[in-house]
Amino acid sequence: MKPDFSKGLLPVVLQHWTKRTVLMLGYMNEEAFEKTQQDGVVWFFSRSKDRLWKKGESSGNVQHVKSMALDCDDDTLLVQVEPAGPTCHLGTESCFGEVTPEPLQGLETTVANRAKAEDESSYTRYLLKAGIDKIIKKFGEESFEVAIAAKNRDRGEVVNETADLLYHLTVLLHEQGVSLREVEDVLHARHAVKNNFKGERKDIDKW
């Protein structure tokens, strides 16, 4: 990987490696780029301070590099990272403000909140109180509904029943104490065909 620094500082976009959230825009000179590769955490060149700075050097919220990729002109860098904390100095996950969670992450949060609430009218609370056998039964029923909709070539029902299935799967995972992040980590490990932070290919696609 050889960035083109002939045009000056290299614009760098930080992106959360699992959520795909855009976290911030910064700039690197050649030395910052080399230190990022060497240390495995993001270094920038601060235009206001006119010096190198490690992102998170004062807050501790460093950005652990997972992969780096250049654009087609080799003059803009996309860095996928795992943040150690909020990226923005204002305390938000992204410098572009609070980010709306992905639908499944939002669903996971909703299920967790319903589980803690005292609302007896909550269907989620009802399922969790009924126990694992009830949850498994409902998950199995929804799986069958998806299969029937697919067999009938009913696209609308496939979409609707899949949404129901994902909800019941999320409830099941919550009951088991399993987070979606754990599942995502397995998926990333099985399908990690990308450049690592030193620019080397890492091909471990198990599918």
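Between domain 1 and domain 2 the count is 1 residue pair in polar contact, with both residues at pLDDT 80 or more; a polar contact is a pair of N or O atoms within 3.5 Å, where within protein one must be able to donate a hydrogen and the other to accept it, and residues adjacent in sequence count only if both atoms are side-chain atoms. By class, the side of domain 1 that touches domain 2 has 1 nonpolar, 1 polar and 3 charged residues (Ala, Val, Leu, Ile, Met, Phe, Trp, Tyr, Cys and Pro count as nonpolar, Asp, Glu, Lys and Arg as charged, and the others, Gly among them, as polar). The model is predicted: local features need pLDDT of at least 70, side-chain atom pairs count only at pLDDT 80 or more, and totals for chains, interfaces and linings use all residues. Residues are numbered from 1 along each chain as its sequence is written, and side-chain values use heavy atoms, with hydrogens and water left out.

The chain is divided into domain 1 (10-83) and domain 2 (105-192), with bounds from an automatic or database domain assignment. Their C-alpha centres lie 36 Å apart. In contact (heavy atoms within 4.5 Å) are 5 residues of domain 1 and 5 residues of domain 2. The area buried between the domains, meaning the accessible area (1.4 Å probe) that two parts lose on being put together, summed over both, is about 420 Å², and carbon and sulfur atoms give 47% of this area. Trp 17, Thr 18 and Lys 19 supply 77% of the area that domain 1 buries against domain 2, more than any other three residues.

The domains are also joined by 1 salt bridge, defined as a side-chain nitrogen of Lys or Arg within 4 Å of a carboxyl oxygen of Asp or Glu. Glu 82 forms a salt bridge with Arg 181, and the closest N and O atoms are 2.7 Å apart.

The whole structure holds 4 aromatic pairs, in which rings of Phe, Tyr and Trp (its six-membered ring) have centres within 6.5 Å; planes under 30 degrees apart count as stacked, over 60 as edge-to-face and the rest as tilted. The ring centres of Phe 44 and Trp 53 are 5.6 Å apart and the planes are at 40 degrees, so this pair is tilted. Both Phe 44 and Trp 53 are buried, that is, under 20% relative accessible area (1.4 Å probe, protein chains only). Tyr 123, Tyr 126 and Tyr 167 form one aromatic cluster.

Methods
Buried means under 20% relative accessible area, exposed over 50%, partly exposed in between (1.4 Å probe, protein chains only).
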